[in-house]
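Here is a report on one protein chain. Look at the whole chain before the details.

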Amino acid sequence: MSRFQQELELVPRRAFSIGVCLWLAFFLTMMLLPFRLDPEGRNWPLAGKLAISVLPGIPLFITVLLVGYVYADAKRRGMPYVLWTWLVVLIPSAIGFILYFVLRDPLLVNCTHCGAQVRHGFAFCPKCGGSLAQACPQCRCAVDLGWTHCVHCGASLPAA
């Protein structure tokens with residue numbers, strides 16, 4: 001399964017349903033109203049009528065799917081998902097989507113001891129206290145294996 005398919009499965013079914021309903025409502029509105037009210041619109045070929053009715057609803061459908069994706073992805077990452085969903089909906093011109101994708105947190109990782117989800121970079125699990133990474137002996141902050149000094153307090157680190 002590709003990465004795109006995995007991320008697409010993250011979109012809630014409710015978002016798909018809302019997107020399809022909005023697209024269908026837009027399609028029916030565009031198919032029925034303009035061509036019945038305008039006498040010249042009745043003479044259009046069927047392909048033209050379908051193009052005018054089908055195509056403009058597709059960006060609306062995609063926008064609903066993106067909002068659903070932001071909701072589910074922010075929830076998965078432990079972020080305030082309701083806030084991010086509203087920001088994406090209310091900030092115009094796709095700026096909300098861009099801000100979300102630039103500012104989102106990394107995915108949570110599982111604790112090797114108790115299985116709880118914790119943020120990337122934690123040295124200890126907040127639930128069980130188990131060690132998740134090598135920690136500085138002085139300030140107890142997470143450090144990488146190749147470091148000789150702690151970046152937080154400057155203390156010398158023992159060789160691995």
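## The chain as a whole

Among contacts in the protein chain between residues at least 6 apart in sequence, 31% link residues at least 24 apart. This is a predicted model. Of the chain's 160 residues, 24% count as buried.

What is the radius of gyration of the protein chain, and what would a compact globule of 160 residues have? The chain has 25 Å, whereas such a globule would have a value near 15 Å. Along the principal axes, the C-alpha atoms fill a box of roughly 85 × 30 × 30 Å.

The domain assignment gives domain 1 (3–105) and domain 2 (108–160). The C-alpha centres of domain 1 and domain 2 lie 42 Å apart.

The protein chain has six helices and two strands. Read along the sequence, their pattern is α-α-α-α-α-α-β-β.

## Two helices in contact

Now turn to a helix pair. Helix α5 (residues 81–90) packs against helix α6 (residues 95–103) at an angle of about 140 degrees. The axes of α5 and α6 are 7 Å apart. From α5, the contact is made by Trp84, Leu87 and Val88. From α6, Gly96, Phe97, Leu99, Tyr100 and Leu103 take part. By class, this contact of α5 with α6 has seven nonpolar residues, one polar residue and no charged residues.

Pick out Thr85 and Ala159 in the model. Is each one buried or exposed? The table gives the values.

| Residue | Relative accessibility | Class |
|---|---|---|
| Thr85 | 14% | buried |
| Ala159 | 80% | exposed |

Thr85 counts as buried because its relative accessibility of 14% falls under 20%. Ala159 counts as exposed because its 80% is over 50%.

Thr85 is found in helix α5. Which backbone oxygen does the side chain of Thr85 reach? The oxygen belongs to Tyr81, and the distance is 2.6 Å. Leave out residues up to four places away in sequence, and Thr85 touches Val67, Val70 and Tyr71.

Ala159 is found in the segment after β2 (117–118). How many residues apart in sequence are Ala159 and Thr148? They are 11 residues apart in sequence. In space, Ala159 and Thr148 are 7.2 Å apart, C-alpha to C-alpha.

Technical notes. Residues are numbered from 1 along each chain as its sequence is written. This is a predicted model: local features need pLDDT of at least 70, side-chain atom pairs count only at pLDDT 80 or more; totals for chains, interfaces and linings use all residues. Side-chain values use heavy atoms; hydrogens and water are left out. Helices (H or I, at least four residues) and strands (E, at least two) are DSSP runs, numbered from the N terminus. Buried means under 20% relative accessible area, exposed over 50%, partly exposed in between (1.4 Å probe, protein chains only). A polar contact is a pair of N or O atoms within 3.5 Å; within protein, one must be able to donate a hydrogen and the other to accept it, and residues adjacent in sequence count only if both atoms are side-chain atoms. Contact means heavy atoms within 4.5 Å. Axes are lines fitted to C-alpha atoms, for helices over the stretch in contact, and angles run from 0 to 180 degrees between N-to-C directions. Ala, Val, Leu, Ile, Met, Phe, Trp, Tyr, Cys and Pro count as nonpolar, Asp, Glu, Lys and Arg as charged, and the others, Gly among them, as polar. Domain bounds come from an automatic or database domain assignment. The radius of gyration is taken over C-alpha atoms; the globule rule is 2.2 Å times the number of residues to the power 0.38.
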